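Reader: Please take me through this model one element at a time, and give the cut-offs behind each term.

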Amino acid sequence: MSIKVSMNVNGKPVSADVEPRTLLVQYLREHLGLTGTHVGCDTSQCGCCNVHLNGEAVKSCTVFAIQCEGQDVTTIEGLAAEDGTLHPMQQAFWEHHGLQCGFCTPGMVMVACDIARRLPDADEKTIRHELEGNICRCTGYQHIVEAVESGIKAMNAKG
Amino acid sequence: MYEFNYHRPKSLDEAASAAKEAEDGKILAGGMTLIPSMKLRLAAPSDLVDLADVEGLKGITVGSGTVTIGAMTRHHDVQSSADVQKAIPALAQLAGGIGDPSVRHRGTMGGSVANSDPAADYPAAVLGLDATVKTNSREIAADDFFLGLFETALEEGEIITAIEFKIPDAAAYMKFAQPASGFAMVGAFVAKFGGDVRVAITGAKDCVFRVTEMEDALKSNFSADAIADIMIGEDDLLSDIHCAADYRAHLVTVMAKRAVAQAAG
């Protein structure tokens, strides 16, 4: 059984016939070719698959594509400007070297933007706590936390 | 994951009949437990009935002496609700300790309560706050709702619509979280209503339960010292690689004491 699903991804309307069991992350990666969203654990623990659903961070490995009918999805590909200028949070990860292998980075950046939206005054302790659903096996988190702190400031300044 | 048929009804009646008519129908709320269970093939429903479009299942209403929360209200909404923070701060705090922020953006109160996971947080609040579980056909007292491991009083096609919590004079929830999953190895919800006290424990047995011996001691002396020597038996406690039964029994007293200390403070 296939069902037609339509949604907005990174501001553009898309639609496809999918099986109900198609996960949002499969739809993004395999149907739309948006492979920036990663699958790390596939068990909603590692956070690599985070995207924004109607502006809020969610784990796209634990949402069915059909649940997103008519909704707005933003992936890591939707953050930078069309001319390639990085989003302030991406720029902060670049400047603070908030990554090593880069596998967890898309999820980290999407969640970091979500923290900035909800908690614009977040301090280091809050940021560490808010990142509990994102696992990085390289960095030890130190530079990620510094990047998020700096990225939040940059987003606040941009308004 | 096995294939399934997907339904997205607009009304409760349609949802109930779709779930009932299916060979093995399951209600889909936030999906934070159901979808991972389906991936592991621990659950393989023939049909999923998504409640996303059913009206009237979301929202928080403060009445006289009660807070009523719609079944599809997400953990994030409960955690960040100024009304809940004011009326029952322990409930907002509990909601903010479930999973992680992205999980709290999807997971719902009704889904958690209907699932009755032995280590879930919300069942402790439902039982501790003497809540009433409202469904599409009746109202069920918390004391009659949780029956066992993933087992509740809900019948086939019965759907939780809202949960009505009594506002306590004081309450607190303390959990000893499993470090990797965040689930409660033991969680204690303590609530004081005038001269009455309720102590609900999650994570320790097949499902949430009350400790009446602690409740009786706290009725005459609402302090951590009053329950310091009360230990529950180990016999029917859960035991696993993270936490043996005797350790869980010990944690029950420790977490209950901490909850009383916070509620009394």
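Reader: In what order do the four strands β11, β12, β13 and β14 of chain B lie in their open sheet?

Author: This is a predicted model, in which local features need pLDDT of at least 70, side-chain atom pairs count only at pLDDT 80 or more, and totals for chains, interfaces and linings use all residues. Residues are numbered from 1 along each chain as its sequence is written, while chains are lettered from A and ligands numbered from 1 in the order in which they are written. Strands are DSSP runs of E of at least two residues, helices are runs of H or I of at least four, and both are numbered from the N terminus; two strands pair if DSSP finds at least two bridges between them. Pairing in this open sheet is antiparallel, and the order is β11-β12-β13-β14 (chain B).

Reader: Which strands stand at the edges of that sheet?

Author: An edge strand here has a single partner strand, so one side of it is left without a neighbour in the sheet. The two edges are β11 (170–177) and β14 (209–210) of chain B.

Reader: Which residue is the bridge partner of Gly187(B) in β13(B)?

Author: Strand β12 (residues 184–193) and strand β13 (residues 196–202) of chain B pair in the antiparallel sense over seven bridges. In β13(B), the partner of Gly187(B) is Thr202(B).

Reader: Which strands does helix α11 of chain B touch?

Author: Contact means that the C-beta atoms of two residues, placed from the backbone, lie within 7 Å. Angles run from 0 to 180 degrees between N-to-C directions, with axes fitted as lines to C-alpha atoms, for helices over the stretch in contact. Helix α10 (residues 212–220) of chain B packs on the sheet against β13 and β14 of chain B, at about 150 degrees to β13(B). Helix α11 (residues 245–264) of chain B also packs on the sheet, its direction makes about 40 degrees with that of β12(B), and the strands it touches are β11, β12 and β13 of chain B.

Reader: Which residue in β10(B) stands opposite Val133(B)?

Author: A further open sheet has five strands in the order β4-β5-β10-β6-β7 (chain B), with antiparallel pairing. Its edge strands are β4 (60–62) and β7 (139–141) of chain B. Within this sheet, β6 (residues 132–135) and β10 (residues 160–166) of chain B pair over four bridges. Opposite Val133(B) stands Ile163(B).

Reader: Are α2(A) and α3(A) parallel, perpendicular or oblique to each other?

Author: Helix α2 (residues 88–95) and helix α3 (residues 105–118) of chain A pack at about 125 degrees, with axes 10 Å apart. Angles under 35 degrees count as roughly parallel, over 145 as roughly antiparallel, 65 to 115 as roughly perpendicular and the rest as oblique. The two helices, α2(A) and α3(A), are therefore oblique.

Reader: Which residues in α3(A) do Met89(A), Gln90(A) and Phe93(A) meet?

Author: These three residues belong to α2(A). Their partners in α3(A) are Thr105(A), Val109(A), Ala112(A), Cys113(A) and Ala116(A).

Reader: Which element supplies the largest share of the side of chain A that touches chain B?

Author: In the interface, 23 residues of chain A are in contact with 18 residues of chain B. On the chain A side, β4 (56–59) and α3 of chain A each supply at least two residues. The largest share, four residues, comes from β4(A).

Reader: What is the radius of gyration of chain A?

Author: Chain A has five helices and five strands. The globule rule, 2.2 Å times the number of residues to the power 0.38, is compared with a radius taken over C-alpha atoms. For 159 residues the rule gives 15 Å, and chain A is close to that, so it is as compact as a globular protein of that length. Its radius of gyration is 15 Å.
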